[in-house]
Every structure is written in structure tokens, then in C-alpha cells.
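The following paragraphs go through one protein chain, beginning with a single pair of side chains and then widening to the whole fold. Please keep the sequence and the model in view while reading.

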Amino acid sequence: MKRELIGEFIGTAILVFFGCGSVAAAVLFDSFDGLFQIAMVWCFGVTLAIYASRTLSPAHLNPAVSLAMFLAKKINGSRFLLYSLAQLAGSILGAAILYAIFHPTIEHYESIHDIVRGSEDSIVTASMFGEFFPNPGFSEQTGIIEQWQAMAAEFSGTFILVYMIFWLCLPKNESQLTPLYIGMTVAALICLLAPISQGGFNPARDFGPRLFSYFAGWKGAAFPSPDLSFFTVYILSPLAGGALAFFAFYLTKKRGS
């Protein structure tokens with residue numbers, strides 16, 4: 001069990017380091033020409049995280065995936081809870097490493113743009129850690145995004161991700177390239193849905209860095225409006241999407257067998 005928790009911890013830390021790091025590079029340095037490039041960094045991050053952790057643990061790296069595997073009876077309830085805690089801890093570590101590297105640049109960015117950390121304007125820099133709707137980088141194009149739209153984006157994205165994981169991990173389909181295919185699935189979903197909700201599809205990836213940013217000075221700005229939408233959009237919706245993905249997989253696999 002200890003090795004499994006270490007695997008989930010390390011893998012999620014790597015995932016957050018690459019993924020949130022791509023957002024930080026985009027915000028602070030304007031490093032990318034478009035969303036596709038950010039999505040590809042996420043693809044590589046997810047892929048490398050799975051490769052790095054799969055010999056230690058099942059490499060779920062996502063409570064929504066762990067919940068689906070619990071419903072599939074591949075893990076028990078205690079493993080689901082412990083995996084989720086390890087994933088959360090790993091995501092906080094990934095965010096902390098990023099902050100340690102980038103915090104002087106973040107302070108400089110806030111200074112030259114007259115951003116007071118913790119104010120509503122600081123959502124721009126807070127979005128390097130937690131997620132917001134509409135995506136601060138696309139707010140002019142998307143306009144107002146209702147809470148139900150963001151919930152639908154996170155629910156449907158997680159549903160597709162977990163549904164694909166079930167099929168990709170079938171013995172007849174699984175290969176050494178499976179982590180890459182999962183990473184590519186994440187990248188494709190980000191390209192489609194990130195303008196709406198930033199494309200998290202992972203409660204640990206969102207809440208861990210969000211919690212870190214709260215204590216790093218962003219305070220209330222770390223949590224989106226309306227109140228509790230961080231829970232309904234970025235925790236509840238992905239968990240529901242992952243759970244429904246299991247039932248959809250079970251029904252379609254049963255029909256196809």
C-alpha cells in the first residue's frame with residue numbers, strides 16, 4: 001500500500017508541475033501561440049506522470065478515476081480514500097514547486113500590471129493554480145459563462161476521459177503507448193473545453209493547487225464566484241462524470257461481449 005500511495009503522490013505532483021506550469025508560462029511569459037500548445041504540454045505531463053508512477057501504483061492520479069475504479073471493484077473503499085488523499089497531497093507539492101520557481105516572476109507580473117494579490121484582478125495569476133470559469137484567458141470571447149455550463153464542461157470532459165481509460169486499459173487494447181493515448185485524450189479535451197472552464201477534469205489537480213494559492217496570498221480570489229462553485233464545478237462534476245463513465249463502459253462492454 002505504501003508504494004501505491006507514493007506512486008499516486010509522485011505521479012500527481014508531476015502532472016500538476018507540467019500542467020499548471022504550462023498555464024504559468026502562458027500567463028507570465030506569453031510563451032505559447034495558442035491553446036493547442038498548452039494542451040500538448042498537458043499531454044506530455046499526463047503521459048510522463050503515468051509512466052513515472054505505473055510501476056508503483058495503478059497511476060490513477062485523479063480521484064474521479066479512482067472513484068470509477070472503486071465502482072468497478074478494482075479497488076476497495078479505503079484505497080479510494082487513501083489514493084485521493086495522496087493525489088491531493090501530490091498536487092499541492094506540484095503547485096508548491098512551481099511557486100518556488102516562479103514566485104519572483106509572479107510578483108513582477110503583478111507589479112507591472114498593478115495587480116493586488118487577493119483582489120478580483122488577481123484571478124489572472126490565481127488561474128495558474130486553480131481553475132476558473134470563464135477561463136480568464138478567453139473571457140472576452142466567451143462572455144459570461146453560467147455555472148451550469150462550467151459544470152457540464154467538467155462533467156462531460158471527465159466522462160469522456162474516464163470512459164476512454166476503461167477501454168484503453170482493457171487487456172486486448174493496453175500497450176506501452178496507453179499512457180500517451182490517455183495524455184492525448186486530455187489534450188483534445190482541453191482544446192475543446194478549456195475556454196469554458198479551464199479544463200480540469202480532475203478534483204485533485206484543481207483543489208490542491210487552489211488550496212495552495214489561497215495560503216500563498218490569493219485568499220478569496222483563489223475561489224471562483226458564486227460561492228461553492230469550486231466544489232460543484234471542479235469536484236462534484238468530475239466525480240459524477242467519472243462515476244457515469246463506469247456505468248456507460250459496463251453497459252457497452254456487456255452489450256459488445
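This is a predicted model: local features need pLDDT of at least 70, side-chain atom pairs count only at pLDDT 80 or more; totals for chains, interfaces and linings use all residues.

Asp206 and Arg210 form a salt bridge in which the closest N and O atoms are 2.7 Å apart, the term being used for a side-chain nitrogen of Lys or Arg within 4 Å of a carboxyl oxygen of Asp or Glu. Both residues belong to helix H9 (residues 203–218), where they are four residues apart, about one turn of the helix; helices here are DSSP runs of H or I with at least four residues, strands are runs of E with at least two, and both are numbered from the N terminus. Asp206 counts as buried because its relative accessibility is 0%, and Arg210 counts as buried at 0% as well. In this scheme buried means under 20% relative accessible area, exposed means over 50%, and partly exposed lies in between, with a 1.4 Å probe and protein chains only.

Residues are numbered from 1 along each chain as its sequence is written, and side-chain values use heavy atoms, with hydrogens and water left out.

A search of the whole structure finds five salt bridges; side chains of opposite charge can pair when their charged atoms come close. Arg79 counts as partly exposed, with 24% relative accessibility, whereas Glu4 counts as buried at 18%.

Another salt bridge links Glu174 with Arg54, with 3.8 Å between the closest N and O atoms. Glu174 sits in the loop between helix H7 (147–168) and helix H8 (178–197), and Arg54 in the loop between H2 and helix H3 (63–71), so the pair ties together parts that are 120 residues apart in sequence. Glu174 is partly exposed, with a relative accessible area of 40%, and Arg54 also counts as partly exposed, at 27%.

Phe18, which lies in helix H1, is partly exposed at a relative accessible area of 31%.

For the chain as a whole, there are 10 helices and zero strands. A compact globule of 257 residues would have a radius of gyration near 18 Å, and the chain has 17 Å, which agrees; the radius is taken over C-alpha atoms, and the globule rule is 2.2 Å times the number of residues to the power 0.38. Of the 257 residues, 50% count as buried. Among contacts (heavy atoms within 4.5 Å) between residues at least 6 apart in sequence, 77% join residues at least 24 apart.
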